Each structure stands twice: as structure tokens, then as C-alpha cells.
Amino acid sequence: MFVTFNGLFGNFLGFFVPVLIFALITPAIAGLGRGAGKWLAVTTGIAYGSAVFAGLVSWGAAVLIYPWLLNGQEKISVADISEGELSPYISVDMPAPMPVMTALVLAFVVGVAMTTVKSDTLYGGVADLRRVVMKVIVKFIVPLLPIYIFGLFLSLGMNGNLTNVLSAFAKVLLLAIIGSFALLLLQYLLAGLITGCNPLKSLKNMMPAYFTALGTSSSAATIPVTYESARKNGVSQSVAVFVIPLCATIHLSGSMMKITLFASAIMFMDGMALPLPTALGFILMLGVTMVAAPGVPGGAIMAAVGLLSANLGFTDDQVALMIAAYIAIDSFGTACNVTGDGAIALVVDKFAKGNIVRNELDDADDLGLAVAISGGEIDPA
């Protein structure tokens, strides 16, 4: 039964991922082009740089640490079910409408072109498509993911791999949690150097946002708490009301760290090489792709599924195992993301000198407008 379900659901994911990439990235890029001038560019650049840095540090840590942390687990076969032992009751081929990279390039081309054409009709169309795709993710994919993951672990247990895989992933989980705290400390140390604030005090003030995200697993749902925490750090209202909702959409350094660490672990356990050029290409593309991740639990990994297959050569079973590993600790990455938003807000506030250019954000005196600027699907109330 579960082999049948996993086969059908996995085929649907293969069909849906290119659609997801196009539907989410196109309006995200077009929306950024409609933002508040240079401060949007500054904030986006800092957020993207933070995510890429987190990915490169994670890759470096994996190269240095995994040979002894995962020693003896290199030959684990991930979810290897023999066709002779189990076969699905039914199998339905669901060919994707386009390859993943085609969807990604098309999203870039259309999104960037829309920033110059300024077509409200076209933008409204892709924005509606985004809402449809997000509805499919929230109402169909996310509720069925636990069943998909359960079937995956059944297959691991059948092949005797479950204990070894869980043991290896527990080590990587611990490394990811330690790494996220180290990343946050580094972010606030840098913010302290730039702004002159006390980094430890600033990080302490952001703890309500960290624990709220830990419980909700959603950057979007944590925006009000993150906003208040940033204000407690002395960030001006005009900066906080712009930067915090925007970074909830585009700053995913914690998610980048988790995905890179777990992807590297799976490749290490299966004896697959991950040289720096391949890792760098994957990280650079993932940083852009995750900008479009919806503010729902598991959104980042769903946006990354296509790149795992296209850039790293992941099989369907490896992608399934990656989803399972990510979902298990989704909240820790989200907590790292939103807490890091506070550091970015401090830096932007310093650059803007407490005044986010009145002629660009004259009416930005409530959280709802900033949410609209960020492209979020959030009720301002």
C-alpha cells in the first residue's frame, strides 16, 4: 500500500515541482522590481549574501567534519526497495510539463522582464497562479507529506537501513542546531561591528521571535513578534516595518544551512562527490529559489526539490529522504531565519540613519503595507 502511495505521490511531485518553481519565482522577482528603490536592493543583497555565506560554511563544515562524524556509514543504501520484493498495485506516469532548469530560467526571464514592462494584467495573472500553487501546497502536499515520509521509513526498515540512517541523521541534526546558533552569533557580531550595538544584548532581545518561530515553523506567522523584537533593539519603525516582512520572505540562511548539511550527508553516505564548483552552483541557485518559498512549514524544501535533482543528481528516494530529514527539524531553520532578520534590520537601520527615505516610503506606518511590498500572502490584521 505504501509503495503504491509513495510511487504516485513521488510522481506527482516530479510533475508539480517545475510548475511550483515558475509560479512562485516569477511573481517574487517581479514583485521585488516594484519595491522601494535602493533600500529594497540593499536589504535583498544582504539577505542573499547571508544565505549564500551560510551555505558555503555548511559545505565546508561537511567536508571537514563528515569523514569522522559519519565514519563507517558511507555505504548506506538510501531507501533501496527491490522491485522483486515489492511493487505498487498501480503506477501512473506523470511527466512534468517542462524540465526544472527550464522552469527556473523561464521564471527569471519573465520575472525580470515584468519589472520593466510593468504589466499589471500579467503580474495579476502570475500572482493568482502563485496563490493557486500555494493552496495546492498547503491543502494537498503538506498534509500528505507525513504519509509519504512514513512510507519511506517503512522501506528503510524493510532493508535494515533505518537504524543506521537515523543514527547518522541524529548526528547531522545536532551539527545543524549547533551551526545555526554559531551563525546567529556571527550575524549579530557583524551587526554589532557595523552599528556599534551590543551583539549579545541584541540577540537576547530577539529570543521571543526565535521561540515563536520554533513553535510555528513559519517565518510569515512570526512577523509581528519579529517586528516587536527588532523595535526593542532600537530599529526605527520605518525600517522595521519594511525590512522585517521583506526578510521573512527572502532571508533563509538557517534553511540554507539545513538543506546544505543534509544534502551533503546523503551524498556522503551514498558515496557521491560534492566538489566546490558543484556546491557553489547549487548554493547560488538555491539562494534565489528559496526567495519564493511560501511562508508555510516545509516551503523551503519544496522550492529546493527541483535543484536537488537537477544540480546534485538526487534520485527520487534521496529526495524523499531529504524531505523527511528537513521536515523533522523545519522549525530550527525557521527560527534561525527570523532571528537573523533582526541583525539585517539593525544594519539597514544604520545605513538609513533611522530614516528609510521619506520620499520612498511616505505611508509605511503600518505592517500591512510592508507585507504587501514583500509579496506575502498575509492578512495585515
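1. Helix H14 is mostly covered: 20 of its 23 residues are buried. Buried means under 20% relative accessible area, exposed over 50%, and partly exposed in between, with a 1.4 Å probe and protein chains only. H14 spans residues 330–352 and reaches 33 Å from its first C-alpha to its last, close to the 33 Å expected at 1.5 Å a residue. That expected span is 1.5 Å times one less than the number of residues in the helix.

2. A word on the source. This is a predicted model, in which local features need pLDDT of at least 70 and side-chain atom pairs count only at pLDDT 80 or more, while totals for chains, interfaces and linings use all residues. Residues are numbered from 1 along each chain as its sequence is written, and side-chain values use heavy atoms, with hydrogens and water left out.

3. The protein has 15 helices and zero strands. Both are DSSP runs numbered from the N terminus: helices are H or I with at least four residues, strands E with at least two. Of the 381 residues, 51% count as buried. Among contacts with a separation of 6 or more, 87% join residues 24 or more positions apart. Contact means heavy atoms within 4.5 Å.

4. How do H10 and H14 meet? The axes of H10 (residues 253–269) and H14 come within 6 Å and cross at roughly 140°. That makes H10 oblique to H14. Axes are lines fitted to C-alpha atoms, for helices over the stretch in contact, and angles run from 0 to 180 degrees between N-to-C directions. Angles under 35 degrees count as roughly parallel, over 145 as roughly antiparallel, 65 to 115 as roughly perpendicular, and the rest as oblique. H10 contributes Ser253, Gly254, Ser255 and Lys258 to the contact, and H14 contributes Asp330, Gly333, Cys336 and Asn337. By class, this contact has one nonpolar, five polar and two charged residues. Here Ala, Val, Leu, Ile, Met, Phe, Trp, Tyr, Cys and Pro count as nonpolar, Asp, Glu, Lys and Arg as charged, and the others, Gly among them, as polar.

5. Ser255 sits in helix H10. It counts as buried, at 2% relative accessibility. Beyond four places in sequence, Ser255 touches Met290, Ala300, Tyr326, Gly333 and Asn337.

6. Next, the core. The largest nonpolar core has 108 residues, and those with the most contacts inside it are Tyr66, Ile141, Ile259, Phe314 and Met322. Such a core is a set of buried Ala, Val, Leu, Ile, Met, Phe, Trp, Tyr and Cys residues joined through side-chain atoms within 4.5 Å. Helix H1 (residues 2–32) gives the most to this core, with twelve residues. Ile259 touches Phe282, Leu286, Met290, Ala300, Ile301, Ala304, Met322 and Tyr326, not counting residues up to four places away in sequence.

7. Helix H9 (residues 237–250) has 14 residues and reaches 20 Å, close to the 20 Å expected. Twelve of those 14 residues are buried, so H9 is largely enclosed by the rest of the structure. Among the buried residues are Val239, Phe242, Pro245 and Ile250.

8. Leu200 and Leu185 are 15 residues apart in sequence and 7.9 Å apart in space, C-alpha to C-alpha.

9. Asn205 also lies in H6. Asn205 is buried, at 15% relative accessible area. Neighbours within four places aside, Asn205 is in contact with Ser229, Lys232 and Asn233.
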